[in-house]
Amino acid sequence: MPKPVGHSQRYMPGLDGLRALAVLAVIAYHLNPAWAPGGLLGVGVFFTLSGYLITDLLLGQREATGRLQLGDFWLRRARRLLPALFLMLAVVVAWVTLLDRSLLPGLRGDVLAAVGYVSNWWNIVREASYFARFWPPPLDHLWSLAVEEQFYLIWPWLLWLGLRYVPGRYTLAGLTLAGASLSAFAMALIHQPGVDPTRVYEGTDTRAFGLLIGAALAMVWPSRELRADRVNHRGRLLIDGAAVVGLVVIGILIWRTSEYSPLLYNGGIVLLSVATALVLTALVHPASWLGVAVGWTPLRWLGVRSYGIYLWHYPIIVLTAPGPQQKASFSLEALQVVATIVVAALSWRYFEEPIRRGAIGQIWTHTRSRLARRRDAPWGRYLPRRPFLTGMVSVMAVAVLALDCAGLTGMVSPHAETRGLSARSEKGPVHPNVSTHHTAASPITTPTADATSPEPAARASTQTREPVSQQPESREAASPVMSSCNSVAYIGDSTSEGMVLPNYLPDPGHRLGAQYARVGAKEQYFEISGARSIVETLSEKQASGYAIARDLKAHGFQGCWVIALGSNDTANVYVGSVVGLEARIRRMMRVMGDQPVLWITVKSLLDTGPYSEKNMRHWNRTVVDACAKYPNIRVFDWASLAEESWYISDGTHFTSQGYRHRARLSADALAHAFPASRESSDCVVQ
């Protein structure tokens, strides 16, 4: 919290230190380090801190003036928040327009949602997972600002009603905590293990408890009533000791949990909010030694600029990422952090702080005085006279510029080319059901299709029912072994998408279709979709692997099957799905019957979480064990061949080089698993 412009609030440097720690945790999370998988909880710290500060400010204002001056409150919030946001939006849109126009179609809705502070509900309504970050949108992080802004708009009215009709601030604090309990209960009730948690993580209703816990603390622990001379040595130890416990709890949650930990949505984030409240009790007290320590000058400097750091860090990380072609290096990540801090500091020095202190009004007053002296400017008297109106006109101008650049007013063609994982199919054999979601493999949303619900698969797959025959176009050496599989059905997730997309493999001969044709499988059905698993789906529009297989079989498919699933299945089981790994394989094999089936093993470079390599190995063992039960199963051990240099920074997906090797080796494995010249008896092929 920067030093107040007026004198109605006491400056508490420890709060800026806490803000610095919180924003650093968020940056760490978005850089994916193994030591901070729960860094996203920094946002929860911000929520509780904001709830305290806003309520403390409003109550102090009422005590000083006898009423809540909501107009003044909202004006100050707008002056503090809007200019920096619109500046960031304008820069991001300009960057994308000039340097990466393929992002424009998806950016338009995100910009509108950001301007209206509804980014969280925009993501929820269109079922865009916040945690599936293959090619994440550069404005994905604005969901949290939307939650806070919605709180700023609604909470002052509720507080006004409470102050008017509820006797006593402790009773009001109790009612506020009751509201927080309802919000926490809604999170626990709506959350389902194995289901993507975006809805409960970003919903205003399910995250309000963090803000309300901070608000309740402000009612019983107002900063304006705290005095250092009223606390003895033992009292200081008690206050600081409780705050240290709170910091330890926050640190453990950031260190030991992740976005998919069921604990977070069943009381874990509530615990985080309570721990943050304990920390706040010390940081706002003038007698606290911890407040002095956390208010250390470098931390305080970062905390003052934490809003700008939060605004800029995610676009900088996303837009300067190396993309699918190479793995992000430590030096690049360090440069991204430095660039974020530098840009935020410049924004604060030359844009945010001057506007916060009334620079727009001063400039306008000076300009209008000069215009008034000019006889040739009679229209000058019709211009706005109040700094507030001038500020709003300026902010609106920046917003219009941003939206105009984004193509929302018609300057940019709405038919701009979409980015890699879009509804873009390559010429030739591929009719992939390539997902329009720009997602990574991630624990998915709704449990779906089993034997009782055939419709989703039919809807999703009717366009891919006609086989495509292709002659080999590969520049690779001809395979010495040909496959007996003349027809092949390939069902895969996002780890297969790069093998069929031109932006990964520009040479058609390197893609999966040509590689399969090279070994004799010229009739091909490709069903590839990001975030696919055997049981769950990302949305109602996406069919599960089981539903796809059943629909292909119902349409008369006869041939060989290649199942490149398992990453998402393993993650879903890890976070609580009731369908185990063996049951998933059994479900697929019931559909494919005695036809030849090639399962592909999976590999991850991650050490923790749902997609950890430990979990992937569990899946691989389950697949290999299935050979003993199903004589028609063969396993391509991709995990033993995949090299670390073939992976991008998310540790799950591949570079262009990796996808080229995966396509070639997958085709060779099909030939060796089901050769034309002899019968193979080996379960595992390489």
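Ser329 is located in the loop that runs between helix 14 (306-319) and helix 15 (330-356); helices (H or I, at least four residues) and strands (E, at least two) are DSSP runs, numbered from the N terminus. This is a predicted model, in which local features need pLDDT of at least 70 and side-chain atom pairs count only at pLDDT 80 or more, while totals for chains, interfaces and linings use all residues. Residues are numbered from 1 along each chain as its sequence is written, and side-chain values use heavy atoms, with hydrogens and water left out.

With a relative accessibility of 33%, Ser329 counts as partly exposed (buried means under 20% relative accessible area, exposed over 50%, partly exposed in between; 1.4 Å probe, protein chains only). The side chains of Ser329 and Ser331 are joined by a polar contact of 3.0 Å. Such a contact is a pair of N or O atoms within 3.5 Å; within protein, one must be able to donate a hydrogen and the other to accept it, and residues adjacent in sequence count only if both atoms are side-chain atoms. A polar atom of the Ser329 side chain also lies 3.2 Å from the backbone nitrogen of Leu332. Ser329 and Ile648, 319 residues apart in sequence, have a C-alpha to C-alpha distance of 10.0 Å.

## Overall architecture

The protein contains 25 helices and nine strands. Of its 686 residues, 58% are buried. Among contacts (heavy atoms within 4.5 Å) with a separation of 6 or more, 80% are between residues 24 or more positions apart.

## Disulfides

There are two disulfides, each defined as a pair of cysteine sulfur atoms within 2.5 Å. When the bonded cysteines are numbered in sequence order, the pairing is 1-2, 3-4.

In the disulfide of Cys485 and Cys560, the sulfur atoms are 1.9 Å apart. The torsion about this S-S bond is about -80 degrees, so the disulfide is left-handed. Cys485 lies in the loop between strand 2 (468-469) and strand 3 (487-492), and Cys560 in strand 6 (residues 560-564), so the pair ties together parts 75 residues apart in sequence. Cys485 is buried at 1% relative accessibility, and Cys560 is buried at 4%.

Cys627 and Cys683 form a disulfide with their sulfur atoms 1.9 Å apart. Its torsion is about 65 degrees, so this disulfide is right-handed. Cys627 is in the loop between helix 24 (613-625) and strand 8 (633-636), and Cys683 in the loop between helix 25 (656-673) and strand 9 (684-685); the pair links distant parts of the chain, 56 residues apart. Cys627 is buried, with a relative accessible area of 16%.
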